[in-house]
Amino acid sequence: MSSARPPDTASSSSGAASSSGDFDMPSSVVDAIETHTAEMAERRLYTWLRMDGGEEATLTFRQLRDGAQTVCCALRRRWHVADGDRVMLIYPPGLEFNVAFFGCQYAGVVAVPYYPPVFPARLFPEASALRLLADGMGKVRRIAAACSPQLILSSRAYLRAKAISKLMLRGDAEW
């Protein structure tokens, strides 16, 4: 089977034989995604549910693979991230995180996921909400200092919220 993997993806060998000898086991997560996409591209892989249990978003094998390859190419070509570099992923819960995480796998970089700080829901938040935000931003800074990421990836909505938080905290926290 030939792979549609972009040229910038990390190298890996194709499927190694399983211990039972009945079938070939993929040797990496990337190989597994490629194999499953070839066999069932339009089959739903992930479903994100709302609090009420209704579907909010879905990803097929092909959508995950295509999105992950896009992230991989951006990591390699746009941001020049190399094999083994660390990339911090700060995403709110949702399928965007999955795409970014698997994009890191395609690129051969180490994903360092972190749950984003809680942003106040009110336009003029109470002091306790601002303290919670400042504490969360401090944790992001400490984790980034500890892992020394080459890059931090996040969603557009989160990046807008980050900009708003700078105004709310008036310099009390640094990004």
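1. Basis of the values. The structure is a predicted model, in which local features need pLDDT of at least 70 and side-chain atom pairs count only at pLDDT 80 or more, while totals for chains, interfaces and linings use all residues. Residues are numbered from 1 along each chain as its sequence is written, and side-chain values use heavy atoms, with hydrogens and water left out.

2. Aromatic pairs. A search of the whole structure gives three aromatic pairs, where rings of Phe, Tyr and Trp (its six-membered ring) pair if their centres lie within 6.5 Å, and where planes under 30 degrees apart count as stacked, over 60 as edge-to-face and the rest as tilted. One of these pairs joins Tyr91 and Phe97 in an edge-to-face arrangement, with 6.5 Å from centre to centre and 70 degrees between the planes. Ring pairs also link Tyr91, Phe97, Phe101 and Phe102 into a cluster.

3. Exposure of the Tyr91–Phe97 pair. Tyr91 is buried at a relative accessible area of 11%, whereas Phe97 is partly exposed at 25%; buried here means under 20% relative accessible area, exposed over 50%, and partly exposed in between (1.4 Å probe, protein chains only).

4. Cysteines. With a disulfide taken as a pair of cysteine sulfur atoms within 2.5 Å, the count comes to zero. Cys104 is in no disulfide, and its nearest cysteine sulfur, that of Cys72, is 9.2 Å away. Cys104 is buried, with a relative accessible area of 0%, and Cys147 is buried as well, with a value of 11%.

5. Ala111. This residue lies in strand β6, which spans residues 110-114; helices (H or I, at least four residues) and strands (E, at least two) are DSSP runs, numbered from the N terminus. Ala111 is buried, its relative accessible area being 15%. Leaving aside residues up to four places away in sequence, Ala111 touches Val87, Leu89, Phe101 and Cys104, contact meaning heavy atoms within 4.5 Å. Its C-alpha atom is separated by 8.7 Å from that of Asp85, which is 26 residues apart from it along the chain.

6. Ser154. Strand β7 (residues 151-154) contains Ser154, which counts as buried at 18% relative accessibility. The Ser154 side chain reaches the backbone oxygen of Ile90 at 2.4 Å; a polar contact is a pair of N or O atoms within 3.5 Å, and within protein one must be able to donate a hydrogen and the other to accept it, with residues adjacent in sequence counting only if both atoms are side-chain atoms.
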